[in-house]
Amino acid sequence: MTTKEDLLRELDFGSVDAESEEELAKRFVRTQGFGSIADKKKLIILGPKGSGKSAIFRLFTDFTPETRELLGDDFPDNTHIVKATGGDDVRSIDDQSLQQMMRQDEFSYERFWRIYIGLKTASRLGEEGYESDGELGEVLRAFDEQSDWRIIPALKTIWEKVVGSPPSDGRISYGKFSIKFSSGNKLDIGRLLEEEQRILEENGESVWLMLDRIDELRSKNLDERKELLEALFRTQINFMGRFENINLKIFLRTDIWNELHFTNKSHIVDKRIELNWNDTQLLRLINKRMIQSELIKGGIEESLGMDIEESELEKYDRETQEDIFYSVFEDQVYSGPREADLFDWMTKRIRDGHGGKYPRELISFCNEATRLQLQKDDNSGDRLIAGLTVRDAYKKVSAQRVNTYLTEFQELDEHFDRFDGRNKAEFSHGELLNMFDDLEPQPEDAIKRMVDIGFFEEKREGDGGRIYRIPRLYRDGIGLVLKGRP
């Protein structure tokens with residue numbers, strides 16, 4: 001006989017981290033704008049951490065057949081999807097290699113990105129069987145000699161060939177990777193890109209270079225990261241008019257995008273997609289993850305007296321979605337006619353200062369509630385997850401958000417520390433100026449930054465004053481000591 005403990009052990013909402021989600025395609029839920037990512041004109045995908053950027057990136061790069069099925073006719077024809085991540089190939093030059101390249105007299109981040117894009121594109125064309133007698137041919141012949149080479153370590157020596165003095169034997173090498181050039185000639189990245197563009201255009205094909213996790217580049221030096229990313233977007237703008245069959249799809253955190261300033265930024269404003277989630281989409285996400293277990297799915301079907309078709313789940317109306325959810329979760333955290341429904345209670349506690357609610361915290365909420373429920377001695381209720389267990393999970397969700405998100409803003413560490421032990425969640429502008437008076441960045445700059453990253457919800461008073469409210473998402477994790485319910 002299947003016990004409640006058996007069901008709880010089977011209940012799994014998956015990973016909060018898209019990179020480690022093995023069944024991403026099965027668990028993925030479409031949101032508004034997902035189909036637009038396949039639009040050639042959309043080049044930038046923005047969203048806060050946890051909004052699903054990496055999930056979409058992995059769908060296109062690691063689950064391409066499944067994504068093609070999801071998008072149907074919207075999936076781009078004759079398009080080569082190329083994976084480019086700060087975690088796998090760019091980070092390896094984050095320190096020593098990039099620093100050595102930067103010491104070259106003719107160094108520029110734009111030139112680095114052109115080399116990177118040219119070689120990544122060449123690698124894909126080589127995989128597709130293309131041949132050439134020009135610059136591309138030189139690179140492809142080098143690829144044949146070492147099929148498992150790493151582009152970025154090789155760039156270190158290629159860079160010296162591009163901007164420095166050519167080696168005496170006309171050959172540059174990195175391990176087995178080697179390119180032979182005519183005596184005294186440099187690798188011409190411009191000619192390489194032009195040749196790639198010509199080949200793609202003649203064959204009616206395109207390359208989509210999809211860049212994710214680029215915010216990790218030079219993450220310990222924010223000024224250099226800013227300069228590097230601004231150079232990437234300038235390169236993207238340059239490609240739009242010159243190499244139209246080589247498209248860059250850049251995934252980036254919204255707050256980082258807002259910090260960037262570069263010439264003609266306004267030219268690509270209409271080429272952005274901003275990821276947003278509503279409550280119904282989040283409900284679908286949780287339900288879809290629950291029914292990946294046949295045991296859980298069977299229990300829900302028996303409870304509701306209906307068959308659930310996984311392929312059709314996203315089409316179910318809100319009422320049916322709620323029926324599925326509340327067959328596993330208790331109806332409310334606190335009982336009473338005026339009390340909030342449990343799902344609404346949860347979503348109010350994962351909302352940031354901009355009103356955004358995203359999958360990462362909701363998945364974390366559900367996983368933590370399951371873990372806590374398993375620890376309870378009394379599981380006699382008629383649902384698997386009790387309302388009070390969800391309440392208790394809130395502290396962990398808030399702590400995780402503070403520890404995984406706010407720690408990325410090291411320049412504000414001391415500012416965040418000033419809230420530890422405070423007994424309220426709303427502060428006037430004047431109070432914050434006094435709290436941050438002796439800190440760097442200066443109070444005004446720090447306050448603005450905290451609003452930008454969603455730590456504060458800014459409100460205007462009738463007299464023109466400003467009030468800054470810390471959302472519930474951060475309150476417990478940041479150390480506020482508040483009376484009443486969480």
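Strands β5 (residues 206-212) and β6 run parallel and are joined by 5 bridges, and in this predicted model the surroundings of β6 can be followed residue by residue. On β6, L248 is the bridge partner of L209. The protein chain as a whole contains 22 helices and 10 strands, and 53% of its 486 residues count as buried.

**Strand β6 and its partners**

- Strand β1 (residues 44-46) is also parallel to β6, and 3 bridges join the two; here L46 has L252 as its bridge partner in β6.
- Strand β6 covers residues 246-252, and because 7 of its 7 residues are buried, the strand is largely enclosed by the rest of the structure.
- In a regular strand the side chains alternate between the two faces of the sheet.

**The nonpolar cores**

- The largest nonpolar core has 45 residues, and the members that touch the most other members are W113, L211, F233 and L252.
- Helix α7 (residues 109-127) supplies the largest share of this core, namely 9 residues.
- When neighbours within four places in sequence are left aside, L211 is in contact with F57, A84, W113, Y116, L248, K249, I250 and F251.

- Residue A393 belongs to helix α18, which spans residues 387-404.
- Is A393 buried or exposed? Its relative accessibility is 0%, and a residue counts as buried when this value is under 20%, so A393 counts as buried.
- Apart from residues up to four places away in sequence, A393 touches F365, E368, A369 and L372.
- Although A393 and F365 are 28 residues apart in sequence, their C-alpha atoms are 6.2 Å apart in space.

**The chain as a whole**

- Among contacts between residues at least 6 apart in sequence, 73% join residues that are at least 24 apart, and the contact between A393 and F365 links two residues that are 28 apart in sequence.
- The protein chain exposes about 22600 Å², and 40% of this area is supplied by carbon and sulfur atoms.

Terms used
Residues numbered from 1 in each chain as written. Predicted model: local features only at pLDDT ≥ 70, side-chain atom pairs only at ≥ 80, totals over all residues. Heavy atoms only, no water. Helix = DSSP H or I, 4+ residues; strand = E, 2+ residues; numbered from the N terminus. Buried < 20%, exposed > 50% of the residue type's maximum accessible area, 1.4 Å probe, protein only. Contact = heavy atoms within 4.5 Å. Areas by Shrake-Rupley, 256 points an atom, 1.4 Å probe, with all protein chains shown as cover. Pairing = 2+ DSSP bridges. Core = buried A, V, L, I, M, F, W, Y, C linked by side-chain atoms within 4.5 Å.
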